[in-house]
Amino acid sequence: MKTRHALTAILTALLLAILPHAGLRAQQGEVPHAPPRGDEGEGPFQRLIIRGATMVDGTGAPPVGPVDIVIEGSRIVEVRSVGAPNVPIREARRPQGATRELDAHGMYVLPGFVDVHAHTGGVAQGTPAEYVYKLWLGSGVTTIRDPGSGNGIDWTLQERDRSAKNEIVAPHIYVYAFVGTGWDGGPVTTPEKARAYVRWAADKGVDGFKLIPGTYPVSNDPKVFAAVIDEARKLHLGTMSHLSQQGVSRINALDAARMGLGSMEHYYGLPEALFDDRTVQDFPYDYNYNNEYDRFGQAGRLWKQAAKPGSERWNAVMDEMLDLGFTIDPTMTIYEASRDVMRARRAEWHDIYTLPSLWQFYQPSRESHGSYWYHWTTQDEIEWKQDFKLWMTFLNEYKNRGGRVTTGSDSGFIYKLYGFGYIRELELLQEAGFHPLEVVRAATLNGAELLAEQQGKEPDFGIVEGGKRADLVITEYNPIEDFKVLYGTGTLRLNDQTGQVERVGGVRYTIKDGIVFDARELLDDVARIVSDAKVKAGMSADAPVTVLKGR
Ligand SMILES: [Zn+2]
């Protein structure tokens with residue numbers, strides 16, 4: 001494996017030297033583009049048959065197996081049930097004619113995961129695209145939406161198109177432009193400018209837009225917000241919004257839903273829509289939004305200021321959002337450090353998979369976004385624990401009453417690592433009351449529907465079914481019984497045969513467009529990128545990143 005990678009690296013370097021356009025080079029101060037795929041991943045195959053797996057199809061249907069899954073090129077053509085558990089499979093009833101077989105007896109197969117809130121790292125985090133992509137794919141994420149495309153609209157479009165052609169090792173990418181960025185038309189402060197921006201970005205080929213009303217360069221004028229959504233919808237482009245404290249007094253989640261917003265991100269704007277005895281949150285009089293401790297500390301005291309579960313206001317808001325078909329993308333994982341900072345900071349994957357530069361970015365700082373740990377108290381965590389309970393109550397009820405809840409991670413901030421943070425979101429949805437099968441649906445079909453519908457399309461991914469894109473996750477342990485088996489670092493289990501505690505699990509294979517990636521190899525590559533960076537930073541290759549001092 002090492003030799004193969006070394007060879008790939010040499011060949012890639014040679015190729016880049018001979019053909020400067022064979023790979024995209026990073027501009028000054030730009031996140032490096034992913035290197036060409038080379039020989040990574042196998043396939044697509046003329047006729048790949050995955051044999052004998054237990055399938056979780058992503059629709060909410062229970063596990064079923066053994067099944068054989070036939071994939072031709074990048075498409076699933078057939079899923080066939082081939083027997084019953086614990087008895088031999090009768091070969092005669094199995095699909096034939098494989099040009100390649102993958103033995104998945106005893107394994108589980110799920111649709112590839114969709115992370116609808118996935119930033120592709122950034123200059124501040126010092127995260128090359130290859131690092132982020134392999135953490136995603138190594139965790140089973142085969143489709144992402146980049147909210148705002150912070151590495152640049154052109155950069156992200158290039159990566160999307162290269163990924164679509166499988167020229168790089170990366171999930172499918174949806175490019176959402178941060179309204180007002182990338183053009184020379186200036187801040188977006190009028191409906192006319194909003195429409196002009198949408199058309200400008202649409203011409204470039206983006207898939208949608210992210211709005212943070214009240215955050216430069218977009219104003220918090222509801223007319224501007226409505227114009228972006230209206231223009232985007234006309235062009236069959238998506239919209240997503242973080243309804244921040246700087247805009248929420250004018251546009252809360254219900255206002256946004258009424259204007260036709262595609263999805264609300266995080267939770268901001270939702271408690272505000274539920275206010276029944278105030279119109280702004282109970283800001284301390286010395287509050288300053290640019291003080292990240294004020295911002296996150298007070299955000300954790302928000303839900304208790306909203307109407308109570310089951311109250312008239314609670315029901316009225318939920319009813320109307322349900323009628324409007326509104327989508328909620330909670331990204332609970334990114335707030336988790338707020339209720340337990342040590343858990344997030346000491347997560348066992350950091351030492352192997354977190355880049356020193358990313359670790360540095362996470363350290364308490366008044367300037368790094370989300371690094372508000374310069375004063376985080378017992379009471380702050382207690383407030384957040386209580387805040388989470390009310391938030392989860394809303395999400396679970398919304399789901400139970402037919403509302404769409406999706407899965408996004410927002411990793412790259414607040415001690416959350418790409419891929420790993422996403423798996424944690426699955427656990428948090430279960431904690432909110434979702435059945436694990438409902439969690440998987442939120443992670444797959446719901447995300448696919450959200451992304452496709454806004455572009456006026458039927459989703460052709462997100463479930464395991466004939467005709468759908470061959471994006472799949474294969475695991476050796478049952479993720480419905482325990483989502484922890486999906487973590488790249490696995491989980492601990494007692495082996496009763498040997499009496500030893502073993503570390504088991506991790507995604508085994510991630511399949512994208514019919515191309516089979518060994519998920520362990522992907523994460524080995526990430527570990528190598530990290531150890532190389534440590535050596536460069538003057539650390540030893542296997543030094544735990546967590547011993548780094550704060551700045
Ligand atoms: Zn975000």
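How many bridges join strand β15 to strand β16? Five bridges do, and the two strands run antiparallel. Strands count as paired if DSSP finds at least two bridges between them.

This is a predicted model: local features need pLDDT of at least 70, side-chain atom pairs count only at pLDDT 80 or more, and totals for chains, interfaces and linings use all residues. Residues are numbered from 1 along each chain as its sequence is written, and side-chain values use heavy atoms, with hydrogens and water left out.

**The whole protein**

The protein has 18 helices and 18 strands. These are DSSP runs, with helices (H or I) of at least four residues and strands (E) of at least two, numbered from the N terminus. The radius of gyration is close to the value from the globule rule for 551 residues, so the protein is as compact as a globular protein of that length. Radius of gyration is taken over C-alpha atoms, and the rule is 2.2 Å times the number of residues to the power 0.38.

| Quantity | Value |
|---|---|
| Radius of gyration of the protein | 23 Å |
| Span of the C-alpha trace along its principal axes | about 70 × 55 × 50 Å |

Buried residues make up 59% of the 551 residues. Buried means under 20% relative accessible area (1.4 Å probe, protein chains only).

**The hairpin**

Strand β15 covers residues 491-495, and strand β16 covers residues 500-504. Leu492 stands opposite Arg503 in β16. Four residues lie between the strands of this hairpin. There, Gly499 takes a positive phi near 75 degrees.

Note on methods. Buried < 20%, exposed > 50% of the residue type's maximum accessible area, 1.4 Å probe, protein only.
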